[in-house]
Amino acid sequence: MKTIFSLATWFITVACFMVLTSLPVTSVQAQESDPEALVLKSCGTCHGLNRVCKALGKDATWWESTVNRMVKRGAKLKQEDVQAVAEYLSQLEQGAKFVCD
Ligand code: HEC
């Protein structure tokens with residue numbers, strides 16, 4: 001009985017440890033692929049974000065080819081983030097605060 005109990009304690013300890021150590025990793029990943037943060041970080045360096053603001057209202061296909069063009073020009077965006085950013089921008093309403101203010 002005592003062995004079973006300590007075995008269970010051991011498993012719970014290991015499980016808690018795994019959850020705790022995996023938490024910071026997941027939150028960092030979520031932050032990295034946050035399209036809003038990516039736009040703020042990579043789209044206002046060559047031109048202002050108002051350039052992005054003026055184009056709001058276009059569809060996802062237009063954004064995908066535009067963002068790809070920006071990457072070719074030198075925007076620091078990973079290929080796997082292009083679609084997320086394009087989709088995000090296509091869903092923003094014209095005048096959206098975070099790029100227009
Ligand atoms: C390396 C410099 C650079 C970076 C970084 C950059 N751009 Fe541009 N962007 C340009 C240049 C140069 C133009 C004008 C020529 C053109 O349209 O291709 C432009 C034009 C634009 C236009 C107007 C296009 C049109 O056809 O009306 C939009 C919208 C735009 N950029 C969005 C973005 C977004 C979104 C990002 C972030 C993913 C970004 N840009 C990052 C250089 C850059």
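How do the residues of the shell around the ligand divide into nonpolar, polar and charged? The shell comprises 10 nonpolar, 5 polar and 3 charged residues, where Ala, Val, Leu, Ile, Met, Phe, Trp, Tyr, Cys and Pro count as nonpolar, Asp, Glu, Lys and Arg as charged, and the others, Gly among them, as polar. The model is predicted, and local features need pLDDT of at least 70, side-chain atom pairs count only at pLDDT 80 or more, and totals for chains, interfaces and linings use all residues. Residues are numbered from 1 along each chain as its sequence is written.

The secondary structure of the protein consists of 6 helices and 0 strands, with helices (H or I, at least four residues) and strands (E, at least two) taken as DSSP runs and numbered from the N terminus. The order along the sequence is α-α-α-α-α-α. Of the 101 residues in the protein, 11% are buried; a residue is buried if 20 or more other C-beta atoms lie within 10 Å of its own, exposed if 12 or fewer, and partly exposed in between, with C-beta atoms placed from the backbone. Among contacts between residues at least 6 apart in sequence, 69% join residues at least 24 apart, a contact being two C-beta atoms, placed from the backbone, within 7 Å.

Around the ligand there are 18 residues, of which Cys43, Cys46, Ala55, Gly74 and Ala75 come nearest; a residue is near a molecule or strand if its C-beta atom, placed from the backbone, lies within 6 Å of it. At least two residues of the shell are supplied by each of helix 2 (35-42), helix 3 (49-54) and helix 4 (60-73). Helix 4 gives the most, with 5 residues.

Helix 4 has 14 residues and spans 20 Å from its first C-alpha to its last, close to the 20 Å expected at 1.5 Å a residue; the expected span is 1.5 Å times one less than the number of residues. Gly74, which follows helix 4, has a positive phi near 130°. Trp63 is found in helix 4 and counts as buried because it has 23 C-beta neighbours inside 10 Å. Not counting residues up to four places away in sequence, Trp63 touches Lys58, Ala86, Leu89 and Ser90. Trp63 and Gln83 are 20 residues apart in sequence, with 8.6 Å between their C-alpha atoms.

In helix 5 (residues 79-91), the buried residues are Val85, Ala86 and Leu89. They lie on the same side of helix 5, because they cover an arc of only 105° around the axis, the arc being that of the directions from the helix axis to the C-beta atoms. The buried residues of helix 5 pack against helix 2, helix 3 and helix 4. Asp81 is also found in helix 5 and is partly exposed, with 18 other C-beta atoms within 10 Å. Leaving aside neighbours within four places in sequence, Asp81 is in contact with Ser33 and Leu38. Asp81 and Ser33 are 48 residues apart in sequence and 6.7 Å apart in space, C-alpha to C-alpha.

The largest nonpolar core has 11 residues, namely Leu38, Val39, Cys43, Val52, Trp63, Val67, Val85, Ala86, Leu89, Leu92 and Val99. Helix 2, helix 4 and helix 5 give two or more residues each to this core, and helix 5 gives the most, with 3 residues. Such a core is a set of buried Ala, Val, Leu, Ile, Met, Phe, Trp, Tyr and Cys residues joined through C-beta atoms within 7 Å. Beyond its neighbours within four places in sequence, Val67 is in contact with Leu77, Val82, Val85 and Ala86.
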